[in-house]
Amino acid sequence: MTETAPRRRLSAEERRHSILGAASQVFGDRGYEHVRIDDVAAAAGISKALIYEHFASKQELYIELMNTAAQEMLGRLVAAASAPGMEGPLRMENAAAAGFVYVQEHPHAFHMFVRDVTDPEISGRQEALRSSAVTAMADVMEMEPPETRAGMSRRQTEQIAEMIVGGWYALAEWWLRHPDVPREELMTSMLGFMWLGLGRMQAGARWDLQLGGNVRVDAETASHDGAGTPSDPRN
């Protein structure tokens, strides 16, 4: 009769990695509020007590998952943006590709960034990670030679970076609901919208506000204030 070799006991680091992998899958599928530590334990094939040897709480586990995923994703983006030969639109295209590839490879991890969570500490951490992404995007934009980004102050760069990151988050989340759409199609839409408009701003084009920042909720038009007809922002 053949004896079965005893199962090798995992090291503490291997066990921790196993727990994180199982937790990412469960949290990504069901969200923070709908998952208990018992569910993570079942997915990892271990006892709840063993999870508490590595993580003090479900909250701590979730935050570590987000931090690790954010570090990896931003690391990929920055590496792609700073790769040799990347400049101008190629830099942005390479960075965008790295971000979308990460979402494609780790959809559960990305879900954790964008899914609403009522826990204030977790939602605060989500916001902090988003802010880090905005700062990283602004830094990527400032990798360009001074003459390429002439006329763009740091404050304006950060404003544009905020729009880029917000738009990318929304588009990547849309992609998770439409996984059959090719990654290249998303990139074409995003980069065309972003880069072509950014290029015009760098050339000095600005949107001419005709409403003075006010909101109109009736049939009144800008011409009533003597502002005239809004000009074409492409001019």
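**Buried rings and the nonpolar core**

Reader: Why is W175 called buried?

Author: The relative accessible area of W175 is 5%. Buried means under 20% relative accessible area, exposed means over 50%, and partly exposed lies in between, with a 1.4 Å probe and protein chains only. W175 is therefore buried. This is a predicted model, in which local features need pLDDT of at least 70 and side-chain atom pairs count only at pLDDT 80 or more, while totals for chains, interfaces and linings use all residues. Residues are numbered from 1 along each chain as its sequence is written, and side-chain values use heavy atoms, with hydrogens and water left out.

Reader: Is F100 buried or exposed, and how do you know?

Author: F100 has a relative accessible area of 0%, so F100 is buried.

Reader: How many aromatic pairs does the structure hold?

Author: There are nine aromatic pairs in the structure. Rings of Phe, Tyr and Trp (its six-membered ring) pair if their centres lie within 6.5 Å; planes under 30 degrees apart count as stacked, over 60 as edge-to-face, and the rest as tilted.

Reader: What kind of pair do the rings of F100 and W175 make, and why?

Author: Their centres are 5.7 Å apart and their planes stand at 85 degrees, so the pair is edge-to-face. The pair links distant parts of the chain, with F100 in helix 5 and W175 in helix 8, 75 residues apart. Helices are DSSP runs (H or I, at least four residues), as are strands (E, at least two), and both are numbered from the N terminus.

Reader: What makes F110 and F113 an aromatic pair?

Author: The two rings are 6.2 Å apart centre to centre, with 75 degrees between the planes, and the pair is edge-to-face. Both residues lie in helix 6, three residues apart, about one turn of the helix. F110 is buried because its relative accessible area is 0%. F113 counts as buried too, at 7% relative accessibility.

Reader: Which residues do ring pairs link into a cluster?

Author: The cluster holds F100, F110, F113, W168, Y169 and W175.

Reader: What makes R130 a charge over the ring of Y169?

Author: A charge sits over a ring if NZ of Lys or CZ of Arg is within 6 Å of the ring centre and within 35 degrees of the ring normal. R130 lies over the face of Y169, at 5.8 Å from the ring centre. The charged end of K58 sits over the ring of Y32, 4.2 Å from its centre.

Reader: Which residues have the most contacts inside the largest nonpolar core?

Author: They are F27, L61, F100, F113 and W168, in a core of 66 residues. Such a core is a set of buried Ala, Val, Leu, Ile, Met, Phe, Trp, Tyr and Cys residues joined through side-chain atoms within 4.5 Å. Helix 4 gives the largest share of this core, twelve residues.
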